[in-house]
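Biologist: I would like to learn how to read a model of this kind, feature by feature. Could we go through one together?

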Amino acid sequence: MIKKFTNIFKDTDVKIAYRATDTIFKQLTTKPERPNNPNGIYSVKCITCNKKYVGQSGRDIQIRNKGHIIQIKNCNPKSAYANHIIQNKHEFGPAETTLKLLKQCNKGSPMNCCEQKYIQKYHRSGNLIMEEQTYENTPLYNSTGKNKRIESVIPEKA
Ligand SMILES: [Zn+2]
């Protein structure tokens, strides 16, 4: 079809330019549903002492991180992270430098297990904020989630 159309102009000065509208490039660059804002296990760093807090979020970790910051700004700590920043008068930083996705996963038992693994890992390497270390006694693979940290006070749908 295209070729035939071009042939008409073959002996003229008219030049045809083609542009495909549905290219692979376009498909690749089309925004997926949540490209940079996944849910899962994340760490958020204290700018002052460089220690980290490990948390889980069933939705966008950026939103969860904002929850921490709101708690800090309101001086109303409900997470170990907010507590750490307020109690020690340490500083939190912008999400671009402090927030890191450790593993993307969905809410439930696997997420609890995974979170515990990271908490243990950071604790052993001395990178976990002190406020979160009290959870060291939590059974490593607590599938009931009953020992979940007070952080879940932030409503999921907010
Ligand atoms: Zn700190």
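Modeller: First, the conventions. This is a predicted model, in which local features need pLDDT of at least 70 and side-chain atom pairs count only at pLDDT 80 or more, while totals for chains, interfaces and linings use all residues. Residues are numbered from 1 along each chain as its sequence is written.

Biologist: How many helices and strands does the secondary structure of the protein come to?

Modeller: Helices (H or I, at least four residues) and strands (E, at least two) are DSSP runs, numbered from the N terminus. Here there are 6 helices and 3 strands. From the N terminus on, their order is α-α-β-β-α-α-α-β-α.

Biologist: What share of the 158 residues counts as buried?

Modeller: A residue is buried if 20 or more other C-beta atoms lie within 10 Å of its own, exposed if 12 or fewer, and partly exposed in between, with C-beta atoms placed from the backbone. By that rule, 28% of the 158 residues are buried.

Biologist: And how should I read contacts in sequence?

Modeller: Two residues are in contact if their C-beta atoms, placed from the backbone, lie within 7 Å. Taking the contacts between residues at least 6 apart in sequence, 61% join residues at least 24 apart.

Biologist: Which residues have the most contacts inside the largest nonpolar core?

Modeller: A nonpolar core is a set of buried Ala, Val, Leu, Ile, Met, Phe, Trp, Tyr and Cys residues joined through C-beta atoms within 7 Å. The largest such core has 21 residues, and Val54 and Tyr81 have the most contacts inside it. Two or more residues of this core come from each of β1 (40-45), β2 (52-57), α3 (61-73), α4 (80-88), β3 (99-104) and α6 (109-124). Leaving aside neighbours within four places in sequence, Tyr81 is in contact with Val44, Tyr53, His68 and Ile129.

Biologist: Take α3 next. How does its length compare with what 13 residues should span?

Modeller: The expected span of a helix is 1.5 Å times one less than its number of residues. For the 13 residues of α3 that should be 18 Å, and the end C-alpha atoms are 18 Å apart, which agrees. The buried residues of α3 are Ile61, Arg64, Asn65, Gly67, His68, Gln71 and Ile72. Seen down the helix axis, they fall within an arc of 145° (the arc of the directions from the axis to the C-beta atoms), so they line one face of α3. These buried residues pack against β1, β2, α4, α5 (95-98) and β3.

Biologist: What are the angle and the axis distance at which α3 and α4 pack?

Modeller: Axes are lines fitted to C-alpha atoms, for helices over the stretch in contact, and angles run from 0 to 180 degrees between N-to-C directions. The angle between α3 and α4 is about 35°, with the axes 9 Å apart. A crossing is left-handed if the near helix is turned anticlockwise from the far one by less than a right angle, and right-handed if clockwise; this crossing is right-handed. His68, Gln71 and Ile72 of α3 meet Tyr81, Ala82, Ile85 and Ile86 of α4. In α4, the buried residues are Ala80, Tyr81, Ala82, Asn83, His84 and Ile85, and they pack against β1, β2 and α3.

Biologist: Last, strand β3. Is Leu102 buried or exposed?

Modeller: Leu102 lies in β3 and counts as buried, because it has 20 C-beta neighbours inside 10 Å. Not counting residues up to four places away in sequence, Leu102 touches Ile41, Tyr42, Ser43 and Tyr118. Gln104 is also found in β3, but it is partly exposed, with 13 other C-beta atoms within 10 Å. With residues up to four places away again left out, Gln104 touches Pro38, Asn39 and Gly40.
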